[in-house]
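Here is a friendly walk through one protein model. Please keep the sequence and the 3D view open while you read.

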Amino acid sequence: MSDLDWTTLQSRWSFPTLVWFGAGRLAELPAALAELGVTKPLLITDRGLAGAGIIANAQAALEAAGLPHGLFSDVQPNPTSDNVAAGVAALTAGGYDGVIAMGGGSAMDAAKAVAMMVGQDRPIMDFEDIGDNWRRVEAEGMLPVVAVPTTAGTGSEFGRSSVITDPVEHRKAIIFHPAMLPGLVILDPEVTVGLPAGLTAATGMDALSHAMEALCAPGWHPMADGLALTALKMIRDALPAAVAEPANMEARANMLVASAMACTALQKGLGAVHALAHPLGARYDAHHGMLNAVLMPHVLRFNLPAVAPQMRTLAHWLELEGAEPGAAVLAWLKGLSQGIGMPATLGGMGLEIAAEDEPALIRDALRDPCAGGNPVTLTEAGLREILAAAR
Ligand SMILES: [Fe+2]
């Protein structure tokens with residue numbers, strides 16, 4: 001534990017975008033909007049959060065500043081292109097000039113996509129992150145976004161993409177444009193205090209998976225490696241505390257910042273955990289973070305032959321006991337996951353994969369953009385092996 005006062009500590013960073021960190025800074029939402037020139041924002045959140053106290057607090061801050069605003073919350077847990085289209089319609093009808101993205105990954109991704117799509121004539125899937133599709137975006141039509149994450153996991157507030165489900169094809173697509181990065185992020189750990197233990201654990205494991213997959217992704221990106229390693233150590237220390245003591249502001253603050261760092265690191269690449277979690281989440285509407293928690297040890301075991309240097313560094317950095325670094329990291333990962341109540345298998349999270357679904361799941365995992373970042377080249381046989389182990 002540090003000597004810092006986590007209730008009064010504030011910071012202002014410009015990495016990778018403008019960040020206002022500090023407990024209670026949600027109250028500065030009007031100033032954040034002014035910084036981006038927004039005079040009439042649409043607050044976008046998800047159905048589950050719409051009636052929550054933190055949304056009411058945000059609205060109260062806007063009202064106190066005399067800012068006209070609207071609320072759109074028709075966003076489901078794995079947001080679809082229909083949710084985005086409905087948000088664009090609400091935004092256009094109300095004449096709003098900016099977006100407040102407030103919530104977990106689903107609300108954040110939907111809000112970023114709405115702010116982009118309001119200026120586009122093409123359908124959203126035309127901007128899927130394949131090749132140079134992002135160059136099709138009319139960037140001047142995009143609206144500014146202030147992001148306020150209410151979970152510490154997705155890191156979408158620091159991301160330049162949104163994961164949007166195609167409801168017809170039951171497929172998740174990554175929609176990308178560099179200007180989807182929110183213009184300002186308020187990291188207020190107080191906002192995450194009400195998050196239940198189960199969601200704190202599952203979203204925290206999403207953050208951990210971003211850091212782990214980024215560290216293991218091939219390629220030379222020392223900046224991303226540094227962020228990933230620091231995030232992993234912060235999560236090791238803070239996640240069990242945040243799950244056990246929801247009001248522990250130090251744990252909440254460290255998780256929020258570690259999640260943001262892990263998301264910044266993932267520009268190096270993600271791997272099989274996310275390549276599989278995307279089609280599984282799209283098909284069964286399962287929680288992304290919990291899927292990652294279940295898949296991660298099985299994927300790591302599969303990848304161990306290709307990540308010996310990373311495991312040596314990580315085992316040393318985390319001061320893990322054991323002669324074999326890969327085995328030590330794997331044991332640590334399983335212990336952490338189990339200790340915060342995450343299931344060890346897909347069956348344990350109530351997810352039975354029908355035999356007839358498997359070929360489509362594997363096909364979609366192979367064509368997921370994250371598949372290319374796995375340190376072991378993914379094949380049908382390899383993915384079948386991971387799924388069999390995770391069942
Ligand atoms: Fe993720």
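The report below goes from the domains to the sheet and then to the helices.

## About the model

This is a predicted model, in which local features need pLDDT of at least 70 and side-chain atom pairs count only at pLDDT 80 or more, while totals for chains, interfaces and linings use all residues. Residues are numbered from 1 along each chain as its sequence is written.

Where they meet, 25 residues of domain 1 are in contact with 27 residues of domain 2. Here, two residues count as in contact if their C-beta atoms, placed from the backbone, lie within 7 Å. On the domain 1 side, strand 7 (161-166) and strand 8 (171-176) are the elements that give two or more residues. Strand 8 gives the most, with 3 residues. Helices (H or I, at least four residues) and strands (E, at least two) are DSSP runs, numbered from the N terminus.

By class, this side of domain 1 has 10 nonpolar, 11 polar and 4 charged residues. Ala, Val, Leu, Ile, Met, Phe, Trp, Tyr, Cys and Pro count as nonpolar, Asp, Glu, Lys and Arg as charged, and the others, Gly among them, as polar.

Two strands pair if DSSP finds at least two bridges between them.

A hairpin through 3 residues joins strand 1 to strand 2, and the two strands pair in the antiparallel sense over 5 bridges. Gln10 has Gly22 in strand 2 as its bridge partner. Strand 2 (residues 18-22) also runs parallel to strand 9 (residues 184-187), joined by 4 bridges. Val19 is bridged to Val185 in strand 9, and Phe21 stands opposite Leu187 in strand 9.

## Helix 5 and its partners

Helix 5 (residues 197-216) and helix 9 (residues 288-303) have axes that come within 7 Å and cross at roughly 30°. Axes are lines fitted to C-alpha atoms, for helices over the stretch in contact, and angles run from 0 to 180 degrees between N-to-C directions. The crossing is left-handed, a term used if the near helix is turned anticlockwise from the far one by less than a right angle (right-handed if clockwise). Residues in the contact include Met205 and Ser209 of helix 5 and Met290 and Ala293 of helix 9. The classes here are 7 nonpolar, 6 polar and 1 charged.

The axes of helix 5 and helix 6 (residues 222-244) come within 9 Å and cross at roughly 160°. The two helices are therefore roughly antiparallel; angles under 35 degrees count as roughly parallel, over 145 as roughly antiparallel, 65 to 115 as roughly perpendicular and the rest as oblique. This crossing is left-handed too. Among the residues that meet are Ala207 and Leu208 in helix 5 and Leu232 and Ile235 in helix 6. This contact divides into 17 nonpolar, 2 polar and 1 charged residues.

## Helix 9 and helix 11

Helix 9 also packs with helix 11 (residues 325-339), at an angle of about 170° and with the axes 10 Å apart. That makes the two helices roughly antiparallel. Ala293, Met296, Pro297, Leu300 and Arg301 of helix 9 meet Leu330, Leu333, Lys334 and Ser337 of helix 11. By class, the contact has 6 nonpolar, 1 polar and 2 charged residues.
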